[in-house]
Amino acid sequence: MMPPLAAQSSSAGLLLVLTALLTDCLNLASANKVHDVYRISPSAVHSRRGWHNRRNLPFLSSSAGSSFVGWEELVLNTRGGSTVEEETTASEVGEGTSDDIVPSDETVDETEESQPRNLTFTATSPDDGSAEDPDGIPSRWFDMKKGDREEANEAFETHLAWREEFNVDTMLERPHPKFDVCKQMAPHYFAGRDPHNNIIFVQRPAHVDFELMRMNNATIEDLLLHYVYVIQYCWNIMEPAPDAIMTNVLDMRGSSFRQMSNSEYIEFGKRFVSMMSANYPGRSYKTLIINAPTWINVLYKIFKPMLRESTRQKIIILKAGEEQDTALKFYLGDALPDDLLSAGDSKKDKKDMGTRYYVPVEEEEQCTPGPNSEVEFGMREFCKQQLALYNETMIEVNTI
């Protein structure tokens, strides 16, 4: 039986959606193209929309002595893309061992020959309905547009153009040296899985730190592309099933209505909402807006008529207290981080701008539910592995 809830309403990103309504919509800034995503060989069964059959997954190296939370096995069992030329290179090293493939100080071409070859993920997968559709449109896009083929096709074409502009297909292949910096700029983490085995994603929008961003020579574009990196990792490595969904937790502790008038916060909020809603539809199971201030409920009453009934049923707004804690235990189960509880770490309520939200652990044995969950540890180790393949290292986070 469901526990009593303090209040129910709104949408997964209500706060950020409201910020998006304050000014005109902004488009994502363009990024430098580092790779040519669509290197199509005539004999490759590949289209702009992706692979419609599973490829033979090539050899994936791992450094001896490294400790990972099973990410190598996950990658080896997920779909990926490569050109025929790349597969030939991969087959040549397929008989070797992990010791045969190590980072080197030699040419870029030689480094590229030793990197994993199955980390290109296209917009479609064999089980997402696109193979059966005459226009190659995944089912989630039809669901988003309520079965309207013309609108679904237009939305998917826009999505493909976005992927090409920002090289999203190869996002996980490329090094991400600002991973730690972005994690501190906007606190967010995968806490684990809920009782229904859905991924749990926690965000603390009140702690988006633009002062820390400037101290580390980072930009809003860096942060937005970092979110793409995280979501690509989520839906291609952690949970590649095309119908996979997640439980979102939006922790509003420390938030204020005044914060919504901050120009940088508004810009980030608008662009974040636009990017996520347009490119990752149909991925929400439940959204818990916790530690909600009174003004959120007031705003919800204004915007509630604009929301679909199906959206309303997914969203729950809670105020700090015993009922909220009971709801969190019900929805998150054993993956509930202690600092989300009403009696949790009070220091998390008042983070000073320009300081760290948390310090990542270096050993798997140190992992606990929260920012240093096993899932987060595995993703960070994955990122470090890619950096090593390019002879790069993680950028240190500068703080006050």
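1. Start with Tyr 227. Setting aside the residues within four places of it in sequence, Tyr 227 is in contact with Ala 186, His 188, Phe 201, Gln 203, Phe 268, Phe 272, Met 275 and Met 276. Bear in mind that this is a predicted model.

2. Now the wider setting. The largest nonpolar core has 47 residues, and Tyr 227 is among those that touch the most other members, along with Phe 190, Trp 235, Phe 268 and Tyr 280. Where do its residues come from? At least two each are supplied by helix H7 (179-185), strand S4 (199-203), helix H8 (210-215), helix H9 (220-238), helix H10 (263-279) and helix H14 (374-389). H9 gives the largest share, with 13 residues. As background, nonpolar side chains in soluble globular proteins tend to be buried together.

3. There's another core as well, lying apart from that one: 19 residues, including Ala 327, Leu 341, Tyr 357 and Tyr 358.

4. On to the backbone. Lys 146 isn't a glycine, yet its phi is positive, near 55 degrees. You'll find Lys 146 in the loop between helix H5 (139-144) and helix H6 (149-165). Is Lys 146 buried or exposed? Its relative accessibility is 68%, so Lys 146 counts as exposed.

5. Asn 291 is another non-glycine residue with a positive phi, near 50 degrees. Look for Asn 291 in the loop between strand S6 (284-290) and helix H11 (294-303). Why does Asn 291 count as buried? Because its relative accessible area is 9%, and the cut-off for buried is under 20%.

Technical notes: Residues are numbered from 1 along each chain as its sequence is written. This is a predicted model: local features need pLDDT of at least 70, side-chain atom pairs count only at pLDDT 80 or more; totals for chains, interfaces and linings use all residues. Side-chain values use heavy atoms; hydrogens and water are left out. A nonpolar core is a set of buried Ala, Val, Leu, Ile, Met, Phe, Trp, Tyr and Cys residues joined through side-chain atoms within 4.5 Å. Buried means under 20% relative accessible area, exposed over 50%, partly exposed in between (1.4 Å probe, protein chains only). Helices (H or I, at least four residues) and strands (E, at least two) are DSSP runs, numbered from the N terminus. Contact means heavy atoms within 4.5 Å.
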